[in-house]
Amino acid sequence: MSAQQVDAALIAPVVALAVAAVVVLLADLVAPGRRNLCAGLAVAGLVVTGALIPSAARDLPAARGTFCAPGSSAVAGCSLVVDRFSVVLWSVALFGALIVALLSWSASLASPQPAAVGEYYALLLASTAGVLSLAASRDLLTLLVSLELVTLPVVVLVAVRGWATSAEGAVKLFLVSTLGLGISVFGAAVVLGATGHVHLARISRAVAQPDWPTGRLSALTVGLVLLLVAFGIKVALVPLHIWAPETYTGAPIPIAGYLAVVSKLAGVAGILLVLVVGFAPLASRWAPLLAVVAAVTMTVANLVALRQREAIGLLAWSSIAQAGWVVAPLAAAGWDSEAARRASVVYLVCYAAMTLATFTAVTLVGRARTTVGGGLALSDFHGLARTEPLTAGLLVFALACLAGLPPGLVGLFAKLAAFSPVVGGGQVWLAVIMALNVALALAYYLRWAAMVFARPEGGVEPISFRLSIPDGVAVGLTLTAIVVLSAAPTLVFHLVG
């Protein structure tokens, strides 16, 4: 029996993050409480990992696989595959984790003792490694294991401040995610029993056979729905969103940004892989259900967001609404599954850039507000344009992008990308609901942006603060991302392919 051949270049990014996490822990052990050392090593680990991606992607657009089943002559039997899809998601995940690490560098996390600094960054790197592994996974077992690697470190990161709200949010995330994983494992068992395969490409070939008995096909459909529960929880699709608002508000603001972008990316990747790679032949069965979920998710979340008066709470519900936009194109998968997947990835990339920019600005204001005491209300942003024009400009530009208004053209093109397959697939009712939700979101985004230029209430002075070097880098990177994507929105289409 010959040893399995492993392509080291393909697994190098995941391994690099794992090694970086260990290095951070060792550095914290040798020099406890050295925040700059741990943060610097974490940032360096993310940058080095990003530098390894070109080597893993050298054969693009052709896909390369590793950890392949015996006798596999193509990537169909491989557990890890690097293609354009995984490379794009890797890049977005690393960029998001880098912004979170930079914002955490200077942040007062309020509770952690100095000894917890190393663990904070090690857990951040470990969770990001799980996202990279999941984006390249092509079998059910690797998908679910990777999903847990994403989730468990985040549970601890949410609770890092030690506040009652942090503990509540972490426990709720843990319980809901664990329950979701159990349901999804059962669904995976049903799929394995029905098809005899765990590799997504082989499952796709099996379900494409025309001679499936009706009862067996119905059982497989139920198994698919159960399999998607854990990923739906991660994305926070309604009604699986129950954990999100409390968890976002209880977590440190940079970690809330991580949940909204990097962690959500893992859930979206899982849904896209399972549905488009594994179950595309059954699109006529799952696409209508996904259309309803997308419509309900964006509508419920936007209606609740209209009543929010707290910044992180508003962003939590906005993130839930945006999840509906990300999966909406998949409602047209029966018309063209690949076009639907490309539209979802395009929207996901644009959403990531816009949301990271928003959380960067909110983190800076929230840090200054926390030093005074209390939470972070929308009213705390009154007059920000007078004292902090750079941060105010970043926030307003990011909100314009999320609303799809000029000059934030990246948001407009992202919404057009999501509309295109929905209209092309004949889902007119869903397109109408999406258009109505644009108006709903516009109301609270514009209200928040207007507060930035309004005079503070009661004669209170606007918030003022000084940017550290890591904060300045985070502001520069996120601002550059949304400006470049607004100036050249077709760049995302070229990247996704």
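1. Trp 448 has contacts, meaning heavy atoms within 4.5 Å, with Ala 311, Leu 314, Leu 315, Thr 358, Val 362, Leu 378, Phe 381, Leu 395 and Leu 399, leaving aside residues up to four places away in sequence.

2. This is a predicted model, in which local features need pLDDT of at least 70, side-chain atom pairs count only at pLDDT 80 or more, and totals for chains, interfaces and linings use all residues. Residues are numbered from 1 along each chain as its sequence is written, and side-chain values use heavy atoms, with hydrogens and water left out.

3. Buried means under 20% relative accessible area, exposed over 50%, and partly exposed in between (1.4 Å probe, protein chains only). Helices (H or I, at least four residues) and strands (E, at least two) are DSSP runs, numbered from the N terminus.

4. How many salt bridges are there? The count comes to 5, where a salt bridge is a side-chain nitrogen of Lys or Arg within 4 Å of a carboxyl oxygen of Asp or Glu. Three of them are described below, one to a point.

5. Asp 471 and Arg 367 form a salt bridge, with their closest N and O atoms 2.6 Å apart. Asp 471 belongs to helix 19 (residues 469-487) and Arg 367 to helix 14, so the pair ties together parts that are 104 residues apart in sequence. Asp 471 is buried at 2% relative accessible area, and Arg 367 counts as buried at 17%.

6. Arg 138 and Asp 83 meet through their side chains in a salt bridge of 3.1 Å, N to O. Arg 138 sits in the loop between helix 4 (117-136) and helix 5 (140-158), and Asp 83 in the loop between strand 2 (78-82) and helix 3 (84-106), so this pair ties together parts 55 residues apart in sequence. Arg 138 is buried at 6% relative accessibility; Asp 83 is buried too, at 14%.

7. A salt bridge also joins the side chains of Arg 64 and Asp 7 (2.3 Å, N to O). Because Arg 64 lies in strand 1 (residues 64-68) and Asp 7 in the segment before helix 1 (8-30), the pair ties together parts 57 residues apart in sequence. Arg 64 is buried, at 10% relative accessible area, whereas Asp 7 is partly exposed, at 22%.
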